[in-house]
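Thanks for coming. I will go through one chain today, region by region, and keep it short. Please have the sequence and the structure in view.

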Amino acid sequence: MASRFFHETLSLGGSSHGQGQQVLPFKTSKASLKVLLLHGNLDIWVKEARNLPNMDMIHNKLGDVFGKFNLKVSSKIEDHMPHKITSDPYVTVSVAAAVIARTFVISNTENPVWMQHFNVPVAHYASEVHFIVKDSDVVGSQIMGAVGIPVEQLCSGTKVEGTFPILAANGKPCKPGAVLTLSIQYTPIEKVVLYHRGLGSGPDYHGVPGTYFPLRKGGKVTLYQDAHVHDGSLPNLKVDDNVLYEHGTCWQDICNAISQARRLIYITGWSVYHNVRLVRETDNATNATLGDLLKTKSQEGVRVLLLVWDDPTSRSILGYKLDGMMNTNDEETRRFFKHSSVQVLLCPRSAGKGSWVKKQETGTIYTHHQKTVIVDADAGNYRRKITAFVGGLDLCKGRYDTPNHPLFRTLQTVHKDDNHNACFTEPDAGCPREPWHDLHCRIDGPAAYDILTNFEERWLKASKPHGLKKLKTSHDDALLKIERIPEIVGMTEIPYLSKDDPETWHVQVFRSIDSNSVKGFPDDPKDAIRMNLVCGKNVLIDMSIHTAYVNAIRAAQRFIYIENQYFLGSSYNWDSHKDLGANNLIPIEIALKIANKIRSKERFSAYILIPMWPEGVTTSTPIQRILFWQHKTMQMMYDIIYKALVEVGLENEYEPQDFLNFFCLGNREAVHGGDDLDARGSTAPNTPQALVQKNRRFMIYIHSKGMIVDDEYVIIGSANINQRSMEGTRDTEIAMGAYQPHHTCSSKPNNPHGQVYGYRMSLWAEHIGAIEESFKQPESVECVRRVRSLSEHNWKQYMADEVTEMKGHLLKYPVEVDRMGKVKALSGCETFPDVGGKIVGSFTAIQENLTI
């Protein structure tokens, strides 16, 4: 019987996404059950169900009609069908109403056999784990019934397995004999050996488990902060073996790599603007644009392909051009390359199969968010290899910046015609540019070929013609088949750095993406499971970025440092709006990590940098909602930490901010002669524009998407810490996680001081303006309090009436966190300086998916 589902008509199913909500509208137990914390892994088998009800109401109603007229039409219809029309069952597994797993759909059966295995991380307070049996319909689904397994029983350590009645709302089986066979076992986090020794612990470490791409060994990683770093602009740093840390020059390196390519240049982006200049303020600076460079390389015979998100609000209709709400310049870039040999695919975010409503939502509010540049590079011996750049920087307007993050004084020079600021509703003449801080990296070695695979899978999907486009020329043959080009070495042939080389890196590629955006995911769910893909409704999902973050946080031993454009999640544990659906585990995992360290009397610290506000008009509804969700996330985390302090009697010795702190970045510029714009009369008094000009201050926008753990492991990519980026069916994302095996906690008697350490210290030097001895021990309470003190000093300077140049840019996030962990607005500063809008946000009207 175990193989029966192979003979059924099989579709992929579940609910519409990978981490959705599943509120069970009835109880599966009459007893009063304890709410306990499940923090660890659940090993689950959903095996089979028997005697399920027929939920196909259309068929039943048709049968009733046929019966009334005493016709034999019904039997004639069924004579031509392999089976009668009945339910299309699948199972979702949920904890605290958050879906943690789902099976595929087996169509047209009342006795489905799944034999599907899940090993899923949990960090949920709950009384039961629910196995909810559902019938998949074209639009939506219906609950047949559910099985509830008490959390208290799981916490006892026993494996719960057997055949259980599937209960309906009345507390009785949904149909006589309806049963579900399953097994479930809970392993608390302290018993998971993988998390005990840190990341990259020894030669037997095989990377993050349960991901699409494996760990690739023997590579090299170059880490970048901002688009460019001037020589001498940051302090000299020493890493292990007394080696001087080198600050990378990201856009210059990208420009050089493109210039030196001989075979291929493949670029993906949320936005790619042909008119951007990559190299500025150097001896090699020219007026040449990215578009000019790509056209030149294409004319040399290099295959140049651009895969850019198609903003649905930017269009050219009957000659009338709409720039689009997001100002991505996608149509402008397409037109620039139209009569060249550069091929541009504007790729809409498609929902594939599903309801009209779901398709409209996906196509309208979600994006293709990956940012990669892939080229062939010199491999020696007259051979070529693949090199890839990955991170948060799009090659578009407003992204070029340096660690100085100027506001006004480069508006007529470096940033002339590249002044991006989306925070004003009125004309912004005389206003500052929006400074831009970002993280990026370059990958050389085997993992670069996984970045290439991602591009190829996406290009093949996007270039597949649909509808009337089938009559046009296909782009399928645009991709080079590198296995047929002897000059380009394959992944297995590439020169590896020796495992004994102290500068070798091990790298793993992660994604948030689904089968609507890539070609190559398997059709058979059995194969999909082996490839660590998650089942959704009519879709397969790669959620490995989320997996990587959770794995890294759980394995952290000393500290976590995060820079991210957004920070919200774990909404199932908020004090309200628990059903929002922002169910990623990252915030609660950090809070629980700190709580566990407090209980074991070990030091641990988390530093989280986010923008002062999300990009946009601070008083607008979307921005206020994001700030509201962010505040809920912060409050949930501080509540957990304070309770742990009370539990061990340390609430008088320490406060929650001795373990967790949120920061932002800002800058002020005094007037210096001719380097200021003449803004007199440009705006009305007391508007945000006038106040910003008067006070000469503005936030530095943190667009980074990265995390550093214990100075040994780094994640950098395009993914924000929110549901859009982590779920896999919303924004498409890519990231890499990497470490140097000779510079890990397990390989060094003291703390590692390799390239990851150098990168973190270089970022701190940029933000704080100096390097101090305590920064070498970021987990220590001395370091935490010192950094917080510096950020508070900078905030006072940022808010002062007198305009003075700021040495450091790190600001405390403008909320007050008291000793009991309560997060509230700063007294006397409830709204953002100059631009307005509540700092803790506000929520009105109905919930939606746009802002989570």
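This is a predicted model: local features need pLDDT of at least 70, side-chain atom pairs count only at pLDDT 80 or more; totals for chains, interfaces and linings use all residues.

Residues are numbered from 1 along each chain as its sequence is written, and side-chain values use heavy atoms, with hydrogens and water left out.

Back to the strands. β31 and strand β32 (residues 713-717) pair in the antiparallel sense over 4 bridges. Pairing here requires that DSSP finds at least two bridges between two strands. Strands are DSSP runs of E with at least two residues, helices are runs of H or I with at least four, and both are numbered from the N terminus. The hairpin of β31 and β32 has 3 residues between the strands, and in it Asp 710 takes a positive phi near 55 degrees.

β31 also pairs with strand β26 (residues 559-564), again antiparallel, over 5 bridges. There, Asn 564 has Lys 705 of β31 as its bridge partner. Is β31 buried or exposed? Of its 5 residues, 705-709, 5 are buried. Buried means under 20% relative accessible area, exposed means over 50%, and partly exposed is in between, with a 1.4 Å probe and protein chains only. Cover is found on both faces of β31: Lys 705, Met 707 and Val 709 are buried on one side, Gly 706 and Ile 708 on the other.

Next, a sheet. It is open, has 4 strands in the order β6-β2-β10-β9, and its pairing is antiparallel. β6 (113-126) and β9 (160-165) are at the edges with a single partner strand each, so one side of each has no neighbour in the sheet. On average, neighbouring strands of this sheet are turned by 25 degrees against each other, direction ignored. For such angles, axes are lines fitted to C-alpha atoms, for helices over the stretch in contact, and values run from 0 to 180 degrees between N-to-C directions.

Inside the sheet, 10 bridges join β2 (residues 36-50) to β10 (residues 179-188). Contact means heavy atoms within 4.5 Å.

Two residues around β6 have backbone angles to note. Most residues other than glycine have a negative phi. Asn 108, in the loop between β5 (105-106) and β6, has a positive phi of about 60 degrees. Asn 108 counts as buried, at 19% relative accessibility. Met 115 is in strand β6 and has a positive phi of about 50 degrees, but Met 115 is partly exposed, with a relative accessible area of 39%.

Now the cores. A nonpolar core is a set of buried Ala, Val, Leu, Ile, Met, Phe, Trp, Tyr and Cys residues joined through side-chain atoms within 4.5 Å. Which residues have the most contacts inside the largest one? They are Trp 251, Leu 294, Leu 306, Phe 567, Ile 590, Phe 662 and Tyr 813, in a core of 127 residues. Helix α12 (residues 621-647) supplies the largest share of this core, 13 residues. Leaving aside neighbours within four places in sequence, Phe 567 has contacts that include Ile 590, Ile 608, Met 637, Phe 662 and Ile 721. A second, separate core has 107 residues, among them Val 120, Ile 374, Ile 513 and Val 756.

Thr 504 lies in the loop between α8 and β23 (505-514), and at 1% relative accessibility it counts as buried. Beyond its neighbours within four places in sequence, Thr 504 is in contact with residues including Gly 218, Gly 219, Tyr 739 and His 742.

Last, the totals. The chain has 16 helices and 36 strands, and 58% of its 852 residues count as buried. Among contacts between residues at least 6 apart in sequence, 76% join residues at least 24 apart.
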